[in-house]
Amino acid sequence: MEIHKLEAIIEAILFTMGDSVETEKIAKAIEHDTATTRKIIHNMMDRYEKEDRGVKIIELEDSFQMCTKAEMYDYLIKVASQPKKQVITDVLLETLSIIAYKQPVTRAEVEKIRGVKCDHAVNKLIEYNLVMEVGRMDAPGRPLLFGTTEEFLRKFGVQSIEELPMINSDKMEDFKAEAEEEIQLKLEI
């Protein structure tokens with residue numbers, strides 16, 4: 001096998017594994033002995049250094065690992081410290097609405113209203129700091145109670161939960177009728 005192909009295989013192994021990989025394992029993968037494998041990797045290490053690349057290969061006892069060069073850390077920090085864009089999907093918005101209007105509320109109560117599991121949605125809302133655990137219900141199993149956070153108020157531009165728009169009872173009846181029709185259509189199919 002051509003040397004460039006061997007180097008590409010070694011590079012792929014070290015990049016994908018992330019942690020250090022024993023020389024013997026790399027040698028078996030490229031079907032060469034450990035001395036030849038070590039020599040190929042040392043040549044790669046020298047070339048990475050000469051080409052002023054962002055990564056390097058380091059040797060740890062009888063293994064090798066690909067890692068970022070120390071002088072690149074400042075650039076990584078700039079990327080890592082940028083806030084992630086929070087995406088509020090319809091599922092999250094529906095779950096958040098239930099929690100906001102019914103708080104304090106248990107996960108089981110939210111699931112009863114939504115009709116589906118909501119573990120992921122609640123966990124995402126906690127991650128986004130829109131919902132938090134506010135206590136435990138005094139009932140068997142002592143389920144967690146959830147409520148909204150100050151961040152929720154800030155993001156939705158209200159000073160308190162009392163400022164949330166009232167749910168129009170006429171529209172509620174329309175929603176219920178629409179949901180019942182939808183259920184009936186699904187049953188008929």
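Let's start with Glu-31, which sits in the loop between α2 and α3. Helices here are DSSP runs of H or I with at least four residues, strands are E runs of at least two, and both are numbered from the N terminus. Phi of Glu-31 is near 60 degrees, a positive value in a residue that isn't glycine. So is this residue buried or exposed? At 68% relative accessibility, Glu-31 counts as exposed. The cut-offs are under 20% relative accessible area for buried, over 50% for exposed and partly exposed in between, using a 1.4 Å probe and protein chains only.

Quick housekeeping. This is a predicted model, where local features need pLDDT of at least 70 and side-chain atom pairs count only at pLDDT 80 or more, while totals for chains, interfaces and linings use all residues. Residues are numbered from 1 along each chain as its sequence is written, and side-chain values use heavy atoms, with hydrogens and water left out.

OK, on to α1. This helix covers residues 3-17, so 15 residues, and reaches 21 Å from its first C-alpha to its last, close to the 21 Å expected at 1.5 Å a residue. That expected span is 1.5 Å times one less than the number of residues in the helix. Which residues of α1 are buried? They're Leu-6, Glu-7, Ile-10, Ile-13 and Leu-14. Looking down the axis of α1, the buried residues fall within an arc of 125 degrees, so they line one face of the helix. The arc is taken from the directions running from the helix axis to the C-beta atoms. As a reminder, an α-helix has 3.6 residues a turn, so residues three or four places apart point the same way. On the face of α1 turned away from its buried side you'll find the exposed residues His-4, Phe-15 and Thr-16.

What covers the buried residues of α1? The cover includes β1 (21-22), α2 (23-30), α3 (34-50), β2 (55-60) and β3 (63-68). And just after α1, Gly-18 takes a positive phi of about 80 degrees.

Now the helix packing. The axes of α1 and α3 come within 10 Å and cross at roughly 80 degrees. Axes are lines fitted to C-alpha atoms, for helices over the stretch in contact, and angles run from 0 to 180 degrees between N-to-C directions. α1 and α3 are therefore roughly perpendicular to each other. For the labels, under 35 degrees is roughly parallel, over 145 roughly antiparallel, 65 to 115 roughly perpendicular, and the rest oblique. The contact (heavy atoms within 4.5 Å) is made by Ile-3, Leu-6, Glu-7, Ile-10 and Glu-11 of α1 and by Ile-40, Ile-41, Met-44, Arg-47 and Tyr-48 of α3.

α2 and α3 pack at an angle of about 95 degrees, with their axes 9 Å apart. That makes α2 roughly perpendicular to α3. On the α2 side the contact residues are Thr-23, Glu-24, Ile-26, Ala-27 and Ile-30, and on the α3 side Thr-34, Thr-37, Arg-38, Ile-40 and Ile-41.

Next, the cores. A nonpolar core is a set of buried Ala, Val, Leu, Ile, Met, Phe, Trp, Tyr and Cys residues joined through side-chain atoms within 4.5 Å. The largest has 19 residues, and those with the most contacts inside it are Leu-96, Ile-99, Val-110, Leu-125, Leu-130, Val-131 and Phe-152. α5 (90-102), α7 (119-127) and α8 (150-156) each supply at least two residues of this core, and α5 gives the most, with 5 residues. A second, separate core of 15 residues includes Val-21, Ile-26, Met-44 and Ile-57.

Staying with α5, Thr-95 is in that helix and is buried, with a relative accessible area of 0%. Not counting residues up to four places away in sequence, Thr-95 touches Val-110, Arg-114, Ala-121, Val-122 and Leu-125. Leaving aside neighbours within four places in sequence, Val-91 is in contact with Arg-114 and Ala-121. Val-91 and His-42 are 49 residues apart in sequence and 52 Å apart in space, C-alpha to C-alpha.

Last one: a cis peptide bond joins Gln-103 and Pro-104, with omega about -10 degrees. Where is Pro-104? In the loop between α5 and β4 (105-106).
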